[in-house]
Amino acid sequence: MFEATAILVVGLCLLVWSADRLVYGAAAIARNVGISPLVIGMTILAMGSSAPEMVVSATAALSGKTDTAVGNVLGSNIANIALILGVTALIKPLAISSGILRRELPLMLGVTLIAGAMLWNNHLGFYEGITLAVLFVIFLLIMMKFGKEGDKEDPMLAEQEAEIPKGVSNVSAGIWVVIGLALLIFSADMVVGSAVTIAKSFGMSDLVIGLTIVAVGTSLPELAASVAGVLKGEDDLAVGNIIGSNIFNILAVMGIPAILAPSSLNPLAMERDFYVMLALSVLLFLFAAGKNRIIRRWEGIVLLICFVGYQGYLFTNIAS
């Protein structure tokens with residue numbers, strides 16, 4: 001047990017670091033070859049925080065743990081809203097001024113409903129995975145269109161552009177891409193293997209493993225990015241990371257196990273966990289779309305209470 005726990009901690013640290021290095025190198029190369037900061041921000045940077053979920057879900061699916069992969073998606077989205085936005089709103093109320101972000105919120109709700117449609121029959125099939133992949137590409141195109149048509153001074157665009165590395169040679173950037181990708185795959189295998197070992201010793205189901213240990217672990221990049229963003233006064237980027245990550249998780253991350261390992265799912269993924277994700281998504285929409293467009297501290301407390309209550313419920317029903 002001690003060995004598995006140590007491997008999990010090391011694996012999660014490597015997972016976060018390698019995802020950051022992969023995105024750093026990819027963004028630097030994209031800037032060097034002349035891709036606009038808008039496109040880099042809306043694609044590479046936006047997908048960066050979901051990279052751990054993508055690789056972990058692929059690893060879990062290839063290991064025959066599709067429930068863990070789907071649990072990772074649902075659990076990460078729940079953690080993103082309830083835990084990460086809850087924590088960041090406690091640090092400082094989050095003011096939403098980006099027009100792009102306000103248009104992303106309804107998209108997030110729509111994509112969440114699509115997830116429900118995919119999970120409704122308790123089966124994730126190959127063609128559903130292809131559908132999610134196509135919708136993912138469409139979503140990226142829509143976001144780039146929003147960016148081009150929107151105000152060039154939109155705060156989220158400015159904050160994203162400031163995150164793109166400058167003055168990095170293609171050789172250095174390429175090395176970071178190779179190192180980041182290799183370690184991302186290696187660390188994902190460490191995380192999945194050790195999490196399964198630990199969870200099985202407590203009698204956890206594959207679904208609960210994904211919803212708890214794996215989901216919270218793979219959400220660490222979003223936590224780091226959101227806390228760093230709010231401390232720098234980049235409220236829109238902090239909230240945007242969460243909304244974008246939740247959309248990517250459903251369209252890209254959930255599509256991976258559907259394509260790699262189509263299979264039946266634990267019915268509780270739909271009957272219990274999807275509705276928690278949907279309820280929190282609606283709650284975030286109501287908080288962020290209010291009159292003053294501010295997520296206040298008391299709203300952060302509400303979100304954290306929801307997270308603690310949900311996790312407590314799962315750990316009292318660990319076998320389901």
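This is a predicted model: local features need pLDDT of at least 70, side-chain atom pairs count only at pLDDT 80 or more; totals for chains, interfaces and linings use all residues.
The secondary structure of the protein chain consists of 14 helices and 4 strands. Its C-alpha trace spans about 50 × 50 × 40 Å along the principal axes. For a chain of 320 residues, a compact globule would have a radius of gyration near 20 Å, and the value of 18 Å found for the protein chain agrees with this. Of the 320 residues, 54% count as buried. Among contacts in the protein chain with a separation of 6 or more, 87% are between residues 24 or more positions apart.

Two packed helices are described by the angle between their axes and the distance between the axes. Helix α3 (residues 51–62) was examined in this way against helix α4 (residues 66–91), and the two pack at an angle of about 160° with their axes 7 Å apart. Because angles over 145 degrees count as roughly antiparallel, α3 is roughly antiparallel to α4. The crossing of α3 past α4 is right-handed. On the side of α3, the contact involves E53, V56, S57, A60 and A61, which meet T66, T68, A69, N72, V73 and S76 in α4. By residue class, the contact of α3 with α4 comprises 5 nonpolar, 5 polar and 1 charged.

Helix α3 also packs against helix α8 (residues 170–201), here at an angle of about 60° and with the axes 9 Å apart. The two helices, α3 and α8, are therefore oblique to each other. Their crossing is right-handed. Residues A51, P52, V55, V56, T59 and A60 of α3 form this contact together with L184, I185, A188, D189 and V192 of α8. The residues of the contact of α3 with α8 divide into 9 nonpolar, 1 polar and 1 charged. V56 and A60 of α3 take part in the contact with α4 and also in the contact with α8.

N80 is located in helix α4. The relative accessible area of N80 is 0%, so the residue is buried. When residues up to four places away in sequence are not counted, N80 touches L85, S219, E222, I242, S245, N246 and N249.

With a relative accessibility of 35%, I91 counts as partly exposed, because the buried class is limited to values under 20% and the exposed class to values over 50%. Leaving aside neighbours within four places in sequence, the contacts of I91 are with V227, V230, L231 and R297. I91 and V227 lie 136 residues apart along the chain, and their C-alpha atoms are separated by 8.1 Å.

A further residue was examined for its backbone angle. Most residues other than glycine have a negative phi. In N122, phi is near 60°, a positive value in a residue other than glycine. N122 lies in the loop between α5 (99–119) and β2 (123–124). The relative accessible area of N122 is 22%, so this residue is partly exposed.

Note on methods
Residues are numbered from 1 along each chain as its sequence is written. Side-chain values use heavy atoms; hydrogens and water are left out. Axes are lines fitted to C-alpha atoms, for helices over the stretch in contact, and angles run from 0 to 180 degrees between N-to-C directions. Angles under 35 degrees count as roughly parallel, over 145 as roughly antiparallel, 65 to 115 as roughly perpendicular and the rest as oblique. A crossing is left-handed if the near helix is turned anticlockwise from the far one by less than a right angle, and right-handed if clockwise. Contact means heavy atoms within 4.5 Å. Ala, Val, Leu, Ile, Met, Phe, Trp, Tyr, Cys and Pro count as nonpolar, Asp, Glu, Lys and Arg as charged, and the others, Gly among them, as polar. The radius of gyration is taken over C-alpha atoms; the globule rule is 2.2 Å times the number of residues to the power 0.38. Buried means under 20% relative accessible area, exposed over 50%, partly exposed in between (1.4 Å probe, protein chains only).
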